[in-house]
Amino acid sequence: MALALALLLAASHRLDPSPTTVAWGYYDAKAKPVLRVKSGDTLVVRTLLTSSPERLEGAGVAPDQVEPALREIYKSVTDKGPGGHILTGPIFVEGAEPGDALEVRIGKIELAIPYAYNGFGPKRGFLPEDFDYRKMRIIPLDARAGVARFAPGIEVPLRPFFGSIGVAPPPAMGRVDSAPPAVHGGNLDNKELVAGTALYLPVHAPGALLEIGDGHAAQGNGEVDITAIETSLVGTFEVVVRKDLRLKWPRAETPSHYIAMGMDKDLVVATKMAVRQAIDFLVETRGLSKEDAYMLVSVSSDVDITQLVDGNVGAHVMIPKSIFVKR
C-alpha cells in the first residue's frame, strides 16, 4: 500500500540547460538549486557537451548544428570555473540530509545531437610528453545503426553514459573543480554507468544538490587522451533518498555487477581504496569476515582502471552478482 501511494505521488520533471540552469565547472554546497524534486520523482535532464561553439565550428561542425543553448551559455554565463564541465543543475532533492545516500537510477539515455568530438591538448591527457599540441576530431553518430563513425572503416559501438553525476561536496571543501572525481562523485567517467544502472552517492549537504553532465557516446577504460566520444545527451533518472545507506564513497550497481570505487592522485592509492571499498561492501551486505571478503575479491572480481586523466585518477572493482547463488 505504501509503495503504491509513493508511486502515485511521484512526479516527473524536465530540466534543460540554459544560462540559469547550469553550474559551469563546479560542485558547491552553497550553489543555488535550479529545481526542487521529491524522493521517487522522475527527472528528464538534457546536458551539453563540453566544448565551445568556436572550437566545434573550427573542427568542422556547421554553425546551424551548434546547439543554441550552448551558444547562449557561452555568451551569458560569467560565474564559472574552476573546471570546464557544463553541468545541468543543481537539483535539490527534498529529504536528503548529510549522512544519507542518494540513489540515482539511470533509466534511459538518448543522443541529443548527431555528432560528437574527441580532442586533446598540450599538458593534458596521459601522454602529454608525446602530444604537446592540440587536435580535435568531429565524430558522426548513427543512432539507428548504434555506432560512432570514427573514421572510414572504423566504427565504435555506442554505449552512452554521463561522465559526471555528482552531488555537493562537504561544505568545508567549498567550490570544487568539476574535473577531479572525489567523495561527491562528479566526474567519475565510469563507462559502466549506462542505462539500467544505479549510482549511490553519499549526501554532504541538505538536498544533495545533484548535477549531471559530460555526456559520452562511448569511452574506453582509462580515457587516455582526456576525452571520450563527447556529446550532448538526454537522460531519464529516478532519484531516491536512502536513509538506510551510510556510504563513505560512491558505489554503483549494474544488472550483473556491484561496483566499488576509489579515487586519488596516485593510481596505487586509488586502487587500494577501491579494493577496500569492495571488501567493506561484502562485509556489510553479505556478512563475510574481512579476510573472506579479501579472498573473494581476489578470486572473483575484476579491478579496472576507470580513468587516468582527471587530476584524481580512478579505479573500480567489478563484483559479479552471479557468484551469489541461492541454495
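How many aromatic pairs does the structure hold? The structure holds seven such pairs, where rings of Phe, Tyr and Trp (its six-membered ring) pair if their centres lie within 6.5 Å, and planes under 30 degrees apart count as stacked, over 60 as edge-to-face and the rest as tilted. In one of them, the ring centres of Tyr 258 and Phe 281 are 4.8 Å apart with planes at 45°, so the pair is tilted. Because Tyr 258 belongs to strand β19 (residues 257–264) and Phe 281 to helix α4 (residues 267–286), the pair ties together parts 23 residues apart in sequence; helices (H or I, at least four residues) and strands (E, at least two) are DSSP runs, numbered from the N terminus. Tyr 258 counts as buried at 15% relative accessibility, and Phe 281 is buried at 11%, buried meaning under 20% relative accessible area with a 1.4 Å probe and protein chains only.

This is a predicted model, in which local features need pLDDT of at least 70 and side-chain atom pairs count only at pLDDT 80 or more, while totals for chains, interfaces and linings use all residues. Residues are numbered from 1 along each chain as its sequence is written, and side-chain values use heavy atoms, leaving out hydrogens and water.

| Charge | Ring | Distance to ring centre |
|---|---|---|
| Lys 80 | Trp 24 | 4.2 Å |
| Lys 321 | Tyr 258 | 5.1 Å |

Elsewhere, ring pairs link Phe 120, Phe 131 and Tyr 133 into a cluster.

Technical notes. Buried < 20%, exposed > 50% of the residue type's maximum accessible area, 1.4 Å probe, protein only. Lys NZ or Arg CZ within 6 Å of the ring centre and 35° of its normal.
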